[in-house]
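Biologist: Please take a close look at one part of this model. Start from a single side chain and its contacts, then follow whatever leads on from there.

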Amino acid sequence: MVSKQFLAIINCLVFSFGICDQTLPFIPRLFQRFPNLTSLDLTLFSKDGDIDELLYQISTFPLNLKTLKLSNQFTIPAYGLRALSKKITTLTSLTCSNIVSLDNDDLVRISNCFPFLEELDISSTSVETKLVEIDNIDVGLETMLTSLPKLRKVNIGGHYNIDYDSLLLHLCKNCEFLEEVVIFDCSLLTHNGIASAIRERPGLRSLSFTEFGGLGNSSHFINSLVSLKGLNCLNLSYSAVTDELLSSIAEEGLPLRRLVLSGCSRYTYAGIFKLLSKCQSIQYLDLQSAHFLKDSNFVELSLFLVDLVSIDISDCSRLTIVTLSALLRNCSKLNEVKMEGTGTTKYMGVENSSTLMNLVVNPQLKSLHLSDNKWLTEKHVHVFASILPNLQLLDLSWCCRISEKGIGLVLKRCSKIRQLSIVYSQRLEPLRMNFKVSTLEVLNLSRSKINDKSLNVISKSCFRLLQLDLSCCLNVTEKGVRQALENCTQLREINLTYCTKVAVDVVDSMLFIRPTLRKITPPPHFCCTESKRKLFSSLGCRLIC
């Protein structure tokens with residue numbers, strides 16, 4: 001059906017690949033088909049699977065791997081890594097996050113196998129890894145970092161019982177090419193510890209220290225931070241940040257491109273105003289939960305954000321459509337806005353027609369997250385549909401004042417939309433759509449009051465859906481599900497969690513109705529036996545239950 005020459009060309013343009021349990025039987029064929037692979041992702045490979053054997057099998061192919069992701073495993077696959085390192089010496093980036101049981105020997109082994117690593121992630125974010133008692137790994141970490149002379153980027157956050165002050169100092173002293181450090185969830189890291197360490201490495205360009213301890217921003221910490229003249233990324237989420245720190249950054253004119261102050265305390269509008277008025281090259285800004293910000297503040301701040309590409313001001317309780325209007329009007333490069341859970345206090349302001357009139361066409365904006373906004377009305381949605389011609393992602397979840405008419409208008413006018421989320425929509429009845437939406441790929445209708453009739457209408461119109469989430473849709477039955485499967489000819493994923501009216505026997509026939517399915521989350525009471533898992537797996541589909 002497709003020309004061999006065409007396949008020969010595109011096969012050479014595939015550089016990354018993800019491997020899960022279902023991929024195993026096809027690995028020899030796939031590696032022969034894609035000869036230029038440089039990145040492999042094994043994070044979806046089952047913890048019960050033999051990852052050592054998988055790595056050994058991978059080592060038998062002549063690959064020039066540069067990136068390998070081995071996250072979410074019980075242990076470090078020692079045998080597999082040794083086999084891989086003997087055949088593949090090009091690896092420069094390794095991710096081993098969320099390893100349940102990690103010890104000193106594992107860390108030393110990694111550095112022995114791949115001494116030329118430039119990027120390393122051994123962080124821990126999952127609850128499971130934190131519940132397992134592990135030995136103190138300070139010694140192994142220090143030995144590892146000493147043995148990786150080319151290290152440029154490192155993420156070592158989330159571990160308990162680590163002297164992060166000492167470790168960070170050791171890291172900065174021994175890795176002369178170090179540019180980026182990430183240590184999240186690090187309550188044992190102090191301001192003095194950070195200050196002493198970064199003084200040893202003036203070439204640092206990116207720092208992410210979240211939830212770190214200390215009693216405020218000491219002068220030693222501030223002076224050390226502003227001495228990093230090349231610093232372009234700073235993330236201090238969920239930490240105490242003072243106006244003095246922000247003012248010092250502004251006065252030094254650090255070339256910040258990314259600033260993340262999500263959930264931070266102590267700073268005020270005066271501090272952030274001074275920083276943004278001086279550092280006008282910021283492209284990514286996160287001020288989540290800055291409850292002191294008002295619409296009038298953001299009208300002023302938006303004038304400085306000429307290079308802004310992405311902003312997250314979710315949970316800023318005083319902000320409304322006035323702020324969004326200012327951003328769309330003054331930030332011509334804006335690509336993404338996250339403004340969830342705003343306007344929740346008495347400072348909601350008064351909606352007026354002049355605000356809507358001030359909204360201008362913004363062809364750059366592609367992603368708009370507006371979930372859980374009580375101020376958002378049908379009128380606003382109509383305007384968005386008119387002024388955002390290139391919108392690709394829209395999240396209107398938990399927006400109780402939006403009806404089926406507004407949703408239909410968005411789908412009709414935003415011709416490039418690919419993802420739509422309307423979780424907890426209570427006003428999808430009756431839904432009429434007499435037009436086709438050929439671009440929509442991801443639709444989240446979870447917790448909505450949609451029924452079989454409306455689901456049939458949506459699936460006929462959005463016939464190219466790849467992912468459909470119907471979790472907690474209590475009015476949907478197996479009839480609606482079958483119609484959706486028949487209408488959406490390219491569907492790959494469907495979620496029926498807590499769909500109590502959907503009969504469980506529909507699952508057995510899903511792949512016959514829609515062979516393109518690759519992931520099914522069945523309704524409650526479905527008997528998910530091991531034989532059924534294997535049957536679906538043999539047909540290239542995962543059962544999530």
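**Salt bridges, a disulfide and a cavity**

Modeller: Glu 118 is partly exposed, with a relative accessible area of 24%. The scale runs from buried (under 20% relative accessible area) through partly exposed to exposed (over 50%), with a 1.4 Å probe and protein chains only. This is a predicted model: local features need pLDDT of at least 70 and side-chain atom pairs count only at pLDDT 80 or more, while totals for chains, interfaces and linings use all residues. Residues are numbered from 1 along each chain as its sequence is written, and side-chain values use heavy atoms, without hydrogens and water.

What does Glu 118 form a salt bridge with? Its partner is Arg 152, the closest N and O atoms being 3.1 Å apart. The two sit in distant parts of the chain, 34 residues apart: Arg 152 in the loop between α7 (138-146) and β6 (153-155), Glu 118 in the loop between α5 (104-113) and β5 (119-121). Helices (H or I, at least four residues) and strands (E, at least two) are DSSP runs, numbered from the N terminus. Arg 152 is also partly exposed, at 22%. A salt bridge here needs a side-chain nitrogen of Lys or Arg within 4 Å of a carboxyl oxygen of Asp or Glu. By that rule the count is 10. Glu 118 and Arg 152 belong to a network of salt bridges that also takes in Glu 119 and Glu 179.

Next, another pair. Glu 252 meets Lys 229 in a salt bridge, 2.5 Å from N to O. Glu 252 lies in helix α11 (243-252) and Lys 229 in the loop between α10 (219-226) and β9 (233-235), so the contact ties together parts 23 residues apart in sequence. Glu 252 is partly exposed at 39%. Lys 229 is partly exposed at 49%.

Glu 441 pairs with Arg 418, closest N and O atoms 3.1 Å apart. Glu 441 is in the loop between β16 (419-421) and β17 (442-444), and Arg 418 in the loop between α17 (404-413) and β16, so this pair ties together parts 23 residues apart in sequence. Glu 441 is partly exposed at 25%. Arg 418 is partly exposed at 38%.

Now the cysteines. A search of the whole structure finds one disulfide, taken as a pair of cysteine sulfur atoms within 2.5 Å. Cys 528 and Cys 545 form a disulfide, S to S 2.1 Å. Cys 528 lies in the loop between β20 (519-521) and α21 (530-538) and Cys 545 in the segment after β21 (542-543), so the pair ties together parts 17 residues apart in sequence. Cys 528 is partly exposed at 23%. Cys 545 is partly exposed at 46%.

Cys 233 is in no disulfide; the nearest cysteine sulfur, that of Cys 264, is 13 Å away. Cys 233 is buried at 12%. Cys 399 is in no disulfide either, with the nearest cysteine sulfur, that of Cys 400, 7.6 Å away. Cys 399 is buried at 5%.

A cavity is a set of points on a 1 Å grid over the protein atoms alone where a 1.4 Å probe fits but cannot get out, and lining residues have an atom within 4 Å of a point. The search finds three cavities of 30 Å³ or more. The largest cavity holds about 70 Å³ of space. It is lined by 13 residues, and Leu 396, Cys 399, Ile 402, Ser 425 and Gln 426 are the closest to its centre.

Conventions:
On a 1 Å grid over the protein atoms alone, a cavity is a set of points where a 1.4 Å probe fits but cannot get out, and a pocket is an open set with protein on both sides within 12 Å along at least five of seven lines; lining residues have an atom within 4 Å of a point. Grid points are joined across faces, edges and corners, and a volume is the space filled by probe spheres set on the points.
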